[in-house]
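Work through the exercises below with the model open beside you. Each task is followed by a stepwise solution.

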Amino acid sequence: MTVLLFLIPAALAIGGLGLAAFFWALRNGQFEDPEGNAARILIEDDE
Amino acid sequence: MTALRKPEPARERTVLAVPSMRCAGCMSKIERGLAELSAVASARVNLSARVVTVDHDPSIGAHDLEHALATLGYEAQARRDELAPRLSAARPLLPALAVAGFATMNVMLLSVSVWSGAEGSTRELFHWISAAIGIPAIAFAGRPFFKSAWRALRRASTNMDVPISIGVLVTTALSFYETARGGEHAWFDGALMLLTFLLIGRVLDAMMRDRARSGVDALLGQAARGAMVVGADGKLAWLEAAQLAPGMVMRVAAGERLAADGAIISGHSRFDQSLLTGESAPISLHEGEKALAGTLNLDAPVDVRVSHAGHDTTLAEIVRLMEASTQNRSRYVRIADRAARLYAPVVHTLAALTVVGWLIAGAGLYQALVTGVAVLIITCPCALGLAVPVAQVVASGSLMRAGIMVKDGSALERLAPVDRALLDKTGTLTLGRPQPDTAALASLDGRDAQVALALASHSRHPLARALANALARRGVSPAKVENVREKPGEGVFADWRGLHVALRRPDGASGGIAASLHIEGEPARLIPFSDRLRPDAKAALAQLSRLGIECSILSGDRSEAVAEIARQTGLTAQGNARPQDKQALVGTLRASGRKVLVVGDGLNDGPALAAADASMAPGSASDVGLQASDLVFVHDSLLALPRAVRGARRTMAVVRQNFALAIGYNMLAVPLAIAGVVTPMVAAIAMSTSSLIVVGNSLRLARAAR
């Protein structure tokens, strides 16, 4: 059962990392323009 | 990433709405086109909101940017200040949902271990970890519910959030107590799961409303927000509507809307007042006559001396009248809250009775309380909270794909029981813009049509644009014309294969609106224009009457013009109605117990739209019409009306089924809870199954707009 002492914090840390990444993305404006982001990959950067 | 950088101090930021931008090609064309201007530091398109944000030097203004976009081929409008901070309804809920989802998954992981037999110190450890994750997460993610419940309680009323909040808080408190005394059951997973499910429902609901709102925002901005003012030295300068003052002289070009009331001091032209009064025929105004803000100048540039500006205009008057009548709308109590008013007292009484019952049966206080709390947990309205939002999200999505935007959350609820419809004429039953006569277009031979299209596409005159659109739709390609020049008030002139050609106003004052096509050496061809009924108008009205909705026309236009449309549609009609009259009629009908739907587009319909039980406006409506209505339909066809009503009725049927399913499920689980045999596992299964059933039932609405 001592393996739990290692596994539980690891599971929480990984989950927390995902949560932190989501918050970062939200603050960073990554969800401002989902349609535009989908279309932007089609624009060729030829300059 | 450069566009995301904060603007430097000497820069100005302008946000322009570009409704016609739809694809990646448009995005890059606009961004590159604007970036080429020397005064522009950066331009960034937001395709979801159909806006472009430009950071630029203060030396150029919004008007220059609109012009630059027009040369790129996009109609653009600088967004007004009051619209600039677009508050998203979904954004504030996303962090709460993220936290609730994260906590639910982790606590559920621990709970499953407990259910599968973890005991003693391991179980205690798991419960403590669950508490450490769950309590802060519930405090954070539950705030939207707690706040709304608190607001309702302070007004001594109740809504769906009250039983939710009580359930969540009581569950959390009991779980913490159980954890502290090393008990067998902790319910953190249940409380968190409830919050997650409910937040998913609300976020979806809010996202749908955000999308509808940004769709409507993109349509806004038809009223003029400024004018070219002729200065004392004869120089022209663009002034915002708010800066206009009585005494200034505005130069109003053809195709422009007046930004203020005033008297014409030079030139004469015809003006389209349909948005303001419902009057369909343009009126001719000469020097000395009065023109009203919001009317469209059709023919030639005129100079207008401002008499009333800003809040004194006729337009502002109507807006005030409308605001006064929006208040009865806010008294509407939504179906979920009405359900909660019945539901909350029942479950809370049931929980209290359970405690009393167990005490009488001889159980200890602790055991009686735990059982009472279990009743509260199992009746916590998880599925009930999802019943309305999920059904509405699915139905709104379906309606949006059919070109109907549902602006208000309670709009479908209010639309479903409608049994009386008042339809405006100009712009609602009809298209509201002069269309070239189809027979005349069909009689143009290919060569004439090509010349006409080439000429028409060089003008921004409303008739020319309507003609160009109609010809382009027929698959005509423009002829090559040279030396094109537009004479305001007269027409477009050019050379084609060495011949003089022109598209101009017909000679002589004929009755209706028309344009005439001249090709040198040939007789002139007259193309009459008229406002036409929307496509499928008759079919739509027939469907409405089959839905049990009595329709009639209520218009501000002259009685003769109204009578003509009444004859074509077979409806009863009332003409010459002022905005106050329309509003009063709505009031009378409502007082007699009818549920009234008002469909209108103009400023003059605003007060009636706001006073009705439910209201719809076409996408071409005035700003006031768009803002006052609950639903906006963007396609030309009038079939949107019966479609929306059917969609609303289907939605409400599914909502009622959802309520029945959710309450039925509770009725199965409640006896178990009262008997004291409900464990956290049973609660978790009951909650998720009933939610899934409600969601599944709502998905049947995906084709609600059929």
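**Exercise 1. The sheet**

What is the strand order in the open sheet of 7 strands in chain B, and what kind of pairing does the sheet have?

*Solution.* Keep in mind that this is a predicted model.
- Step 1. Read across the sheet: the order is β14-β26-β25-β24-β15-β22-β23 in chain B. The pairing is mixed.
- Step 2. Find the edges. β14 (404-406) and β23 (572-574) of chain B each pair on one side only, so they are the edge strands.
- Step 3. From one strand to the next, it averages 20 degrees.
- Step 4. Place the helix. α21 (residues 579-591) of chain B packs on the sheet. It touches β15 (420-423), β22 (550-554) and β24 (596-599) of chain B. The direction of α21 makes about 160 degrees with that of β24(B).
- Step 5. Zoom in on one pair. β25 (residues 614-618) and β26 (residues 631-633) of chain B run in the parallel sense, paired over 3 bridges. In β26(B), L631(B) is the bridge partner of M616(B).

**Exercise 2. A helix pair**

Determine how α4 and α6 of chain B are oriented, and list the residues that meet.

*Solution.* 
- Step 1. Take the geometry. The axes of α4 (residues 120-141) and α6 (residues 161-180) of chain B come within 10 Å and cross at roughly 155 degrees.
- Step 2. Classify. Angles over 145 degrees count as roughly antiparallel. α4(B) and α6(B) are therefore roughly antiparallel to each other.
- Step 3. Assign the hand. The crossing of α4(B) and α6(B) is left-handed.
- Step 4. List the residues. α4(B) brings H127(B), W128(B), A131(B), I135(B) and I138(B). They meet V168(B), T172(B), F176(B) and T179(B) in α6(B).
- Step 5. Sort by class. This contact of α4(B) with α6(B) has 6 nonpolar, 3 polar and no charged residues.

**Exercise 3. The interface**

How many residues of chain A are in contact with chain B, and which element of chain A gives the most?

*Solution.* 
- Step 1. Count. 19 residues of chain A contact 19 residues of chain B.
- Step 2. Locate. α1 (3-27) and α2 (34-40) of chain A each supply at least two residues of the side that touches chain B.
- Step 3. α1(A) gives the most, with 8 residues.
- Step 4. Classify. The side of chain A that touches chain B divides into 12 nonpolar, 3 polar and 4 charged residues.

**Exercise 4. Chain B overall**

Summarise chain B by its elements, extent and burial.

*Solution.* 
- Step 1. Elements: chain B has 25 helices and 26 strands.
- Step 2. Extent: its C-alpha atoms fill a box of roughly 105 × 60 × 50 Å along the principal axes.
- Step 3. Burial: 48% of the 706 residues of chain B count as buried.
- Step 4. Contact range: among contacts in chain B between residues at least 6 apart in sequence, 69% join residues at least 24 apart.

How values were computed. Residues are numbered from 1 along each chain as its sequence is written. Chains are lettered from A and ligands numbered from 1 in the order in which they are written. This is a predicted model: local features need pLDDT of at least 70, side-chain atom pairs count only at pLDDT 80 or more; totals for chains, interfaces and linings use all residues. Two residues are in contact if their C-beta atoms, placed from the backbone, lie within 7 Å. Helices (H or I, at least four residues) and strands (E, at least two) are DSSP runs, numbered from the N terminus. Ala, Val, Leu, Ile, Met, Phe, Trp, Tyr, Cys and Pro count as nonpolar, Asp, Glu, Lys and Arg as charged, and the others, Gly among them, as polar. Two strands pair if DSSP finds at least two bridges between them. Axes are lines fitted to C-alpha atoms, for helices over the stretch in contact, and angles run from 0 to 180 degrees between N-to-C directions. A residue is buried if 20 or more other C-beta atoms lie within 10 Å of its own, exposed if 12 or fewer, and partly exposed in between; C-beta atoms are placed from the backbone. Angles under 35 degrees count as roughly parallel, over 145 as roughly antiparallel, 65 to 115 as roughly perpendicular and the rest as oblique. A crossing is left-handed if the near helix is turned anticlockwise from the far one by less than a right angle, and right-handed if clockwise.
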